[in-house]
Amino acid sequence: MNLASSNVETQSFLRRQLSRLLAFNIGRLAVILTPTLWLAVFFFIPFLVVFKISLAESMIAVPPYSPLVEWNSDEAYATLKITLGNYLFLFESRFYLDAYLSSIRIAGISTFFTLLLGFPIAYLIARSSPMQRTILLSLVILPFWTSFLLRVYAWMGLLKKNGVVNEFLMGLGIIDQPLIMLQTDFAVYIGIVYTYLPFMILPLYTALEKMDLTLLEAAKDLGAKPYQAFFLVTIPQAMPGIIAGCLLVFIPAVGEFIIPALLGGSDTLMIGRVLWDEFFLNRDWPMASAVATIMLIVLVGPIMFIRSRSKQEEV
Amino acid sequence: MSISSETEKAHPQIIQSWRDTKAKPFVQIEQITKKFGEFTAVDSVSLDIYKNELFCLLGGSGSGKSTLLRMLAGFEKPTSGRILIDGVDMANIEPWERPVNMMFQSYALFPHLNVEANVAFGLRREGVKSQEVAQRVQKMLDMVQLGHLAKRKPHMLSGGQRQRVALARALIKRPKLLLLDEPLGALDKKLREETQFELINLQDELGITFVVVTHDQEEAMTLATRIGVMDQGNIAQIAEPHEMYEYPANRFVAQFIGNVNLFEGSVITSEKDSVTIHSPDMDQLIKAHHGISCVPNQSVSVAIRPEKMRISRERPDAEFNSLPGIITDYAYMGSQSVFKVRLTSGKEVRVTLPNNARDMGDRLTWDESVYLSWDMPSSVVLTS
């Protein structure tokens, strides 16, 4: 009697748990599925297409590469045609390696200066009154309202030999001869820092704005001078913003094409330009795809490393 | 030194230096004013705090108590006046140079550092050798019973544990003066009571001068050697807890600390050791002990604490200090019972009786006609 009733209870309990589990999983699935689908459709499938092309051989055809699978209709069998020649060539050639290294160097230096410039701006916005904050933030986003290309062209006008900057400096008598700025690495740095500054400021602002200011008072109370409090408390508190901002600038900067093409010189070597040339000048799609694939791997590596480190720190 | 016999047992070992006219104050606050724009947060406050005191600044929000504390820490610069700590003028001394540490209301623990590193923060800034830092941190954590949590980050601790870390962090530099901003505000009632006594023991043990800011009068009563009640930027009264309760200096303090019944009236006669007062709320005259200087017709208030009133069915045989009323409300609260009695004038008076017998038999209840009375020494006459 007693046993039977407890048995019924156990059953209904199990049923309740099961239905709860199901409901939970459907909700969970919906939440996880949306971004997964998005990633699959807009990132993973295109990447597979690019990867597939990188394994083919270049040929004069439409499309200009050999098919991956060749169907022999007489004997009814398929041949898989894969070549790693593009990758081998990529690794053997000094040119591509230099292009990758130079891209990473230019992107790295630009990211550093973007951080150096963006941090004080983000700090100022985060510490100003709510009214001013709204105005300053919209000023940061304002450049996006005009075309990116147009803004890079504007820099050409500013930096060229008889451009605004040279005219101004010569007018003041600071320099006698115009400075050569356009078509140098310097112009590329200016272009990247200028273009990507908002991507640095916004995550930094978010991190700094969240910070509890009594932490700074606590640091000072415990004997930290203002600069020590800045390095020991403000910087660690802003670290998530610093990492996010640097990734948001560094990653697109490595593959940047328009800025080095318009502002850089003939000796400015960046992987984005190499990619463009392979696609549109050499029409070597498989080679270009191999370059793109390696670039992705080069970029994903550091991101994974940073992610795993920040996860470890949380534990 | 004058230690009167009737004084409390709470701090037997503390020499009550504030009663010694020759003792030198440890913290001297002289005519301090702080204005934020048009608003005067602290209005010409003068206050002396002596070594080994546990001084409580008590007041509601906006009374200026926190601003005063922040000026002691150096986070706010006074508009005028000066602060001396151990005889040194603090005017041009920055927060990081002061011999003062603070425990913040929010605790302000560094979220990116673990417990150990939080506590070590102050020592590292002083340039103490890492071996000594480790030793002192370990000792301090053992004292606040957190040795086993040294590697935890603040977000993995309970409220009570965070409070201990904050306390350890503030104490490790051995400050001359420890400031505590609502130290128990974020704790639940039980933990709060335990911590109150721990704080008192710690203060006795370490011999550091404590200044505590609180809005909780019970907390102030339990902790403090002396209390300074603040109201709208001014000090309303500075006194020891029992003195503050039994002899409030004015209406504000009487009403702020505990419950009180106030009768407004005017002086009839002022004799050598007593004063007779007429109140429109009462048929009888009030007779009270003196303690004040007043003249006939001066308007005054008479304050009587609820527990110092007697309540009875029969009319007391007295010429003074008794009045009839009807019980309008009654609450049994375990250790005591609270009655609300409406007088013939319509005024409501609060009376508490201790429940010192388990079986109260024929107890008083709603709508009964009763008489209230009190002894002459139980009331206080207030002129302001």
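Visitor: How do H7(A) and H9(A) cross?
Guide: In this predicted model, the axes of H7 (residues 185-210) and H9 (residues 226-254), both of chain A, come within 8 Å and cross at roughly 155°, where axes are lines fitted to C-alpha atoms over the stretch in contact and angles run from 0 to 180 degrees between N-to-C directions. The two helices are therefore roughly antiparallel to each other, a term used for angles over 145 degrees.

Visitor: And which residues of H7(A) meet H9(A)?
Guide: Among them are A:Ile192, A:Tyr196 and A:Phe199, and the residues they and others meet in H9(A) include A:Ala238 and A:Leu248; contact asks for C-beta atoms, placed from the backbone, within 7 Å.

Visitor: New topic: how many helices and strands does chain B have?
Guide: Chain B has eight helices and 20 strands, which are DSSP runs (H or I, at least four residues, for helices; E, at least two, for strands) numbered from the N terminus.

Visitor: Which element gives the most to the side of chain B that touches chain A?
Guide: That is H2(B), with four residues, while 16 residues of chain B in total are in contact with 15 residues of chain A.

Visitor: How are residues and chains labelled?
Guide: Residues are numbered from 1 along each chain as its sequence is written, and chains are lettered from A in the order in which they are written.

Conventions
This is a predicted model: local features need pLDDT of at least 70, side-chain atom pairs count only at pLDDT 80 or more; totals for chains, interfaces and linings use all residues. Angles under 35 degrees count as roughly parallel, over 145 as roughly antiparallel, 65 to 115 as roughly perpendicular and the rest as oblique. Two residues are in contact if their C-beta atoms, placed from the backbone, lie within 7 Å.
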